[in-house]
Amino acid sequence: MDYENLRDFISQMEAMGEVKVIEGADPHLEIGAIFEIMAGRQERPLVLYDKIKGFPPGFRIAGHTTTTTLRTALAFGIPETLSKPQMVKFWRDKLKTFKPIPPVEVKDGPILENVMEGDKVNMNIFPVPFWHEQDGGRFIGTGGPSITRDPDDGWINVGTYRVQLMNENTLGWHVSPGHHGRIMREKYWAKGKPCPVVIVFGPDPRLFLAATYTLPWGQTELDYWGWLRGAPMKVIKGEYTGLPIPVDAEIAIEGECPPPEQESMIEGPFGEWTGYYASGAVQEPIIKVKRVLYRNNPIIFADPPRSPALPGGLAFGIPFNAAEIWDKLEAVGVPDVQGVWDHMSGGTGGGALFVVVSIKQRYAGHARQTALAVAGSGIGASHGRWVIVVDDDIDPSDINQVIWALTTRCDPVKSFNIITDAWSTRLDSMITPDKIANNDFTNSRALVTAVKHFWRKDFPAVSAISKELAAKYLEKWGKVIGP
């Protein structure tokens, strides 16, 4: 399917029966509670909240936009008939065709239908939810790409970071160490300057994905969006920041982030994508909002973190970072990777907590080599916890098969390796207060090889029905027993 923007995507999903409209919900805890209840269900429609309590009709919130495998596949052009591992492979093959399509600057667009500047800026007109019971405030930036420019090289970065609504013209801006947006703003501060920033609070799914993706330093996610769409993004030049603003965005702000020694505020706590309040309430940099642009009847793209253990706990129904990990494995010479899955991903750039890789073993040490390569490459090196390598007869997306491999092909004495002092984040629930005080955001990783020993030729045969026989009888009895 093709779509122009967020509201066009929602309209097409509505025509397919994928949308549920909820009217009259309270943004204080109620919308967050509904969101989490829906996340716990296997069947999750895209939810559009309207006539929100305390706000005029038409100021809307979209939730669970891409949390199912079907809507994720439709949003990004992946055949929905493929199995989950095949979807990851399809996406990996698609990534190999990547050719940047830069944005084009235009003079006008829907984002300019409403503009607030200077003293007229009032972020309180938007229905920003208080998502979780122990949150420190209302968070608008749960699905909002931040756009910044490197002060030295001039290239544009787009990333998803945490944004709290502090007051009518001030936002909290939490960015974890190592992310490009954080590096850029620190460069401005080192020069004694505020960091200019644009944040989009109503992106389409492609821009949200691009913002969560880990592109190499110097590559802009706006070009990535153009490649996904097959056409350049239309942008206007921000009058205050000079930064590009997508004309089809629902809501966007222009602002600046001063050095924290000049101005900062207590930000958080916030229930994060790991399912915990790990980062607490601390002094964080802020953004002074100088300009607000929004469409008539604007839609906030909501991706409030919830426990990744829930069926709808992840932002996407397909872990796109698995394709990146697969690519990194082959780039460093790991052969015969059959499939990759991440069961606890916070998106694509948040981390890879529970990675499972299926390989066809070719030599002794192949499985251990694979685990080490995941732990040291790209997104696999960021905030990980478990890397599990299984044989090629195990579907890495099926947690029951993975547990079976762990319980029947894993010797805890010989199959575990522990890595210490690995790259992590303040959001890591296992980092202690004393480590946080020392800015020591490191953790440990467990690398597990749950495979038949390569040298053992007498490993007991699997008793399950063969794929060929299963296919034969499914064809005969499929209508009776169901798919």
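This model contains 21 aromatic pairs; rings of Phe, Tyr and Trp (its six-membered ring) pair if their centres lie within 6.5 Å, and planes under 30 degrees apart count as stacked, over 60 as edge-to-face and the rest as tilted. The model is predicted: local features need pLDDT of at least 70, side-chain atom pairs count only at pLDDT 80 or more, and totals for chains, interfaces and linings use all residues. Residues are numbered from 1 along each chain as its sequence is written, and side-chain values use heavy atoms, with hydrogens and water left out.

Select phenylalanine 139 and phenylalanine 270. Their ring centres are 4.0 Å apart and their planes stand at 20°, so this pair is stacked. Phenylalanine 139 belongs to strand β6 (residues 138-141), whereas phenylalanine 270 is in the loop between β15 (264-267) and β16 (282-294), 131 residues apart. Helices (H or I, at least four residues) and strands (E, at least two) are DSSP runs, numbered from the N terminus. Both phenylalanine 139 and phenylalanine 270 are buried, that is, under 20% relative accessible area, with exposed meaning over 50% and partly exposed in between (1.4 Å probe, protein chains only).

In the loop between β15 and β16, select proline 269 also.

Next, select phenylalanine 208 and phenylalanine 316. How far apart are the ring centres of phenylalanine 208 and phenylalanine 316? The distance is 5.5 Å, and the planes are at 40°, so the pair is tilted. Phenylalanine 208 and phenylalanine 316 are both buried. They also belong to one aromatic cluster, whose members include Trp91, Tyr213 and Tyr224.

Now select tryptophan 91. Trp91 is among the residues that touch the most other members of the largest nonpolar core, which has 54 residues; such a core is a set of buried Ala, Val, Leu, Ile, Met, Phe, Trp, Tyr and Cys residues joined through side-chain atoms within 4.5 Å.

Move to arginine 185, which lies over the face of tryptophan 173, 5.1 Å from the ring centre. A charge sits over a ring if NZ of Lys or CZ of Arg is within 6 Å of the ring centre and within 35 degrees of the ring normal.

Finally, select histidine 64 in the loop between β3 (60-63) and α3 (69-75). Its phi is positive, near 55°, although histidine 64 is not a glycine. Histidine 64 counts as buried, at 1% relative accessibility.
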